[in-house]
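Subject: Structure for you to look at, with notes

Dear colleague,

Here is the structure I promised to pass on, and my notes on it follow below. Please read them with the model open beside you.

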Amino acid sequence: MLMAAIAARLITKLVDVQDKYGEATVVLTGGTVGIGTLKAVADSPAAPAVNWSKVNFWWGDERFVASGDNDRNTKQAYDALLSHIPVDPDRVHEPGSSDQFGSPEEAAEDYARRLREAAAEEHAADMSDDRPEEPSALPRLDVVLLGVGPDAHIASLFPEQAGIREKTRTVVGVRNSPKPPPLRVSLTLPAINTAAEVWMVVAGEDKAGAVGLALAGANPVQVPAAGPRGTSRTLWLIDENAASRVPQQLVRKDAAGA
């Protein structure tokens, strides 16, 4: 039920953004809820309401393994959704793999470059009165989907590690991930927090402690899930088990579970 509700919300959001801008940009996540949500989008009778050829797809993080490896978030996203909808291949931006780059740092630099190029193209096409003088390092991110690990990690930003401490770069290579595989590529918290909306999608009792700490205002270095903030809003779309350690005054029941 949770994943179907998030899928319905995502479809509606993408339609609304396309009505405003003509296109939409979503940053995908892996994990059980992230991939399950994509499968629910593919199965939804409302999915054709989105013009999928005008959706830009990025990823919050990726495992630095060979392209086509089943551990890849991108591979799982294709299996769940992208191979079932009429996407524009030029709008699907996969982080580099280990058969394309020699290190996660090289893949991170490439991903950051492509984000800058997308931002520059967006800036050049912006004819509005409030167009900034210079393009930013990131394109407009309408929705960023993020899962949360039992250790409170988000994307591939783990507690106390260098990635969650990064202040300037938009993308980092990750080594020694406590969750295998050890090599990864990840957006940083400053990059995530440029998004209009950040959706934290979480299910399961094993995530309850992390969710409770995050919503209690913990330090993001120790509890990375406490760090994401959308510029418009931040949504926690979680099931009852994941919400079990959240103070009741902070819980609002709705169609997405909690």
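A salt bridge, as the term is used here, is a side-chain nitrogen of Lys or Arg within 4 Å of a carboxyl oxygen of Asp or Glu. By that criterion, aspartate 79 forms a salt bridge with lysine 75, with 2.8 Å between the closest N and O atoms.

Before going further, please keep in mind that this is a predicted model, in which local features need pLDDT of at least 70 and side-chain atom pairs count only at pLDDT 80 or more, whereas totals for chains, interfaces and linings use all residues. Residues are numbered from 1 along each chain as its sequence is written, and side-chain values use heavy atoms, with hydrogens and water left out.

Salt bridges

Helices and strands are DSSP runs numbered from the N terminus (H or I with at least four residues for helices, E with at least two for strands). Aspartate 79 and lysine 75 both lie in helix α3, four residues apart, which is about one turn of the helix. For accessibility, buried means under 20% relative accessible area, exposed means over 50%, and partly exposed lies in between (1.4 Å probe, protein chains only). On this scale aspartate 79 is partly exposed, at 46%, and lysine 75 is also partly exposed, at 25%.

In total the structure holds 16 salt bridges. One of them joins the side chains of arginine 91 and glutamate 23, at 2.8 Å from N to O. This pair links distant parts of the chain, 68 residues apart, with arginine 91 in the loop between α3 and α4 (104-125) and glutamate 23 in the loop between α1 and β1. Arginine 91 counts as buried because its relative accessibility is 14%, while glutamate 23, with a relative accessible area of 22%, is partly exposed.

Arginine 140 forms another salt bridge, with aspartate 142, and here the closest N and O atoms are 2.7 Å apart. Elsewhere, salt bridges that share partners join Asp110, Arg113, Arg114 and Glu117 into one network. Aspartate 142 is buried, with a relative accessible area of 5%.

Strand β7 and glutamate 197

Where does glutamate 197 sit? Its place is in strand β7, which covers residues 197-202. Six of the six residues of β7 are buried; Glu197, Trp199 and Val201 point one way from the strand, and Val198, Met200 and Val202 point the other way.

Two strands are said to pair if DSSP finds at least two bridges between them. Strand β4 (residues 143-146) runs parallel to β7 and is joined to it by four bridges, with valine 198 in β7 as the bridge partner of valine 144. Strand β8 (residues 233-238) also pairs with β7 in the parallel sense, over six bridges, and tryptophan 199 stands opposite leucine 235 in β8.

Glutamate 197 itself is buried, because its relative accessible area is 4%. Its side chain makes a polar contact with the side chain of arginine 233 at 3.2 Å, a polar contact being a pair of N or O atoms within 3.5 Å (within protein, one must be able to donate a hydrogen and the other to accept it, and residues adjacent in sequence count only if both atoms are side-chain atoms). Arginine 233 is found in strand β8 and, at 38% relative accessibility, counts as partly exposed. Contact here means heavy atoms within 4.5 Å; leaving aside neighbours within four places in sequence, arginine 233 is in contact with Arg9, Ala196, Glu197 and Val198. With residues up to four places away in sequence again not counted, glutamate 197 touches several residues, including Lys13, Asp142 and Leu235.

In helix α2 (residues 31-43), the buried residues are Val33, Gly34, Ile35, Gly36, Thr37, Leu38, Ala40 and Val41. What covers them includes α1 (2-21), β1 (24-28), α3 (73-80) and β7.

Finally, an open sheet of three strands has the order β3-β6-β5, with antiparallel pairing. Its edge strands are β3 (61-63) and β5 (171-174), each pairing on one side only. Four bridges join β5 to strand β6 (residues 184-187), and valine 172 stands opposite serine 186 in β6.

With best wishes
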